[in-house]
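Visitor: I have a model open and want to learn to read it feature by feature. Can you walk me through it?

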Amino acid sequence: MPLVLLSGFPSSGKTRRAREIKEHLETEKGKKVTIVSENEAVGEDKNGVFSNSQKEKEVRGRLKAEVLRRLSKEDVVILDALNYIKGFRYELYCATKQYKTTQCLVQCPAPIEEAWGWNQGRPEEEQYTREVFDGLVARYEAPNSSNRWDSPMITVLPQDAPPHEDIFAALFLTRPPPPNQSTQTQPLSSTNFLFELDQSTQEVTSCVMAAQKTATPGEAIKVPGVEEALCLGRTVSLAELARARRQFITYTKMHPVEDRKKLMLLFVQYLNTTLG
């Protein structure tokens with residue numbers, strides 16, 4: 001299914017936009033539309049989930065799995081969620097490339113205090129606490145239309161109606177991005193693949209940590225044997241690198257690449273994308 005990602009601060013109107021887009025595509029275009037809802041995945045204890053990184057990660061995993069289960073070329077999936085982590089948006093972009101379908105991102109910007117006011121207008125059991133609300137706003141990584149995984153990006157201001165024809169054109173009148181080396185599933189021909197994957201990513205991680213001890217913060221890091229430089233723009237912690245390494249390994253296990261140098265290059269590109 002073509003994929004529509006909603007993105008915005010908590011209580012910025014994403015669910016309303018998801019329903020409006022769904023109604024238009026069904027009634028005006030005759031499309032079958034499914035909304036995958038973060039609220040349903042989170043359940044009643046949203047403050048407990050978003051104040052616990054492990055529970056939050058589990059929810060993102062369930063949302064991604066549900067989206068992937070429903071992806072096809074004709075019907076539409078709308079992911080009604082914060083989608084505030086650019087690495088998560090990138091993973092979904094790679095998934096749509098693999099499934100050879102289209103996607104677009106609908107950004108729902110709102111002033112922080114206005115979104116907080118809307119949150120306060122909800123039933124008490126559906127409200128974010130101020131601490132959780134501020135934490136999500138602080139962690140929000142705003143989409144950028146110059147990033148291929150955030151494009152095409154359609155911005156819908158609170159006072160405007162969604163530009164339905166633009167959304168339809170992005171989903172059904174454009175070609176999906178072609179799959180590439182990093183998104184095509186390939187058969188394993190070497191039993192050494194997992195070892196090479198582990199060693200290659202560990203080598204890049206060790207190189208980054210060692211380089212950061214002497215490099216100026218934000219200076220590009222050159223990994224031996226890799227043509228592309230690592231441009232993080234800041235000093236990153238070992239915990240951040242380890243988390244990105246685990247995510248990359250998990251994804252690459254499903255999309256094997258047996259060339260060690262290519263593995264290192266792909267990991268450097270992944271770090272540039274998710275941490276840069």
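Guide: Start with one side chain. Leaving aside its neighbours within four places in sequence, N47 is in contact with Q127, Y128, T129 and V132. Contact means heavy atoms within 4.5 Å.

Visitor: What kind of model is this, and how are residues numbered?

Guide: This is a predicted model: local features need pLDDT of at least 70, side-chain atom pairs count only at pLDDT 80 or more, and totals for chains, interfaces and linings use all residues. Residues are numbered from 1 along each chain as its sequence is written, and side-chain values use heavy atoms, with hydrogens and water left out.

Visitor: Where does N47 lie?

Guide: N47 is part of helix α3, residues 46-50. Helices (H or I, at least four residues) and strands (E, at least two) are DSSP runs, numbered from the N terminus.

Visitor: Which backbone atom lies 2.8 Å from a polar atom of the N47 side chain?

Guide: The backbone nitrogen of T129. A polar contact is a pair of N or O atoms within 3.5 Å. Within protein, one must be able to donate a hydrogen and the other to accept it, and residues adjacent in sequence count only if both atoms are side-chain atoms.

Visitor: Show me a polar side chain in a loop.

Guide: Take S12, in the loop between β1 (3-7) and α1 (14-27). A polar atom of its side chain lies 3.5 Å from the backbone oxygen of C108. Beyond four places in sequence, S12 is in contact with C108, A110 and W118.

Visitor: Is S12 buried or exposed?

Guide: Buried means under 20% relative accessible area, exposed over 50%, partly exposed in between (1.4 Å probe, protein chains only). The relative accessible area of S12 is 6%, so S12 is buried.

Visitor: How do I read a helix pair?

Guide: Two packed helices are described by the angle between their axes and the distance between the axes. Axes are lines fitted to C-alpha atoms, for helices over the stretch in contact, and angles run from 0 to 180 degrees between N-to-C directions. Here, helix α4 (residues 53-70) and helix α5 (residues 86-98) have axes that come within 11 Å and cross at roughly 20 degrees. That makes α4 roughly parallel to α5. Angles under 35 degrees count as roughly parallel, over 145 as roughly antiparallel, 65 to 115 as roughly perpendicular and the rest as oblique.

Visitor: Which hand does the crossing of α4 and α5 have?

Guide: Right-handed. A crossing is left-handed if the near helix is turned anticlockwise from the far one by less than a right angle, and right-handed if clockwise.

Visitor: Which residues make the contact?

Guide: On α4, R60, K64, V67 and L68; on α5, F88, E91, L92 and A95. By class, the contact of α4 with α5 has five nonpolar, no polar and three charged residues. Ala, Val, Leu, Ile, Met, Phe, Trp, Tyr, Cys and Pro count as nonpolar, Asp, Glu, Lys and Arg as charged, and the others, Gly among them, as polar.

Visitor: Give me another pair to read.

Guide: The crossing of α9 and α10 is right-handed. The residues that meet include L194, L197 and V208 in α9 and L241, F248 and I249 in α10. By class, this contact of α9 with α10 has nine nonpolar, four polar and three charged residues.

Visitor: What should I look for in the backbone?

Guide: Most residues other than glycine have a negative phi, and most peptide bonds are trans. N83 is a residue other than glycine with a positive phi, near 45 degrees. N83 sits in the loop between β3 (76-80) and α5. At 3% relative accessibility, N83 counts as buried. K100, not a glycine either, has a positive phi of about 55 degrees. K100 is in the loop between α5 and β4 (103-107). At 45% relative accessibility, K100 counts as partly exposed.

Visitor: Which residues does a cis peptide bond join?

Guide: S151 and P152, with omega about -5 degrees. P152 is in the loop between α7 (130-139) and β5 (153-155).

Visitor: How far apart in space are Q98 and P176?

Guide: They are 9.9 Å apart, C-alpha to C-alpha, and 78 residues apart in sequence. Q98 is in helix α5.
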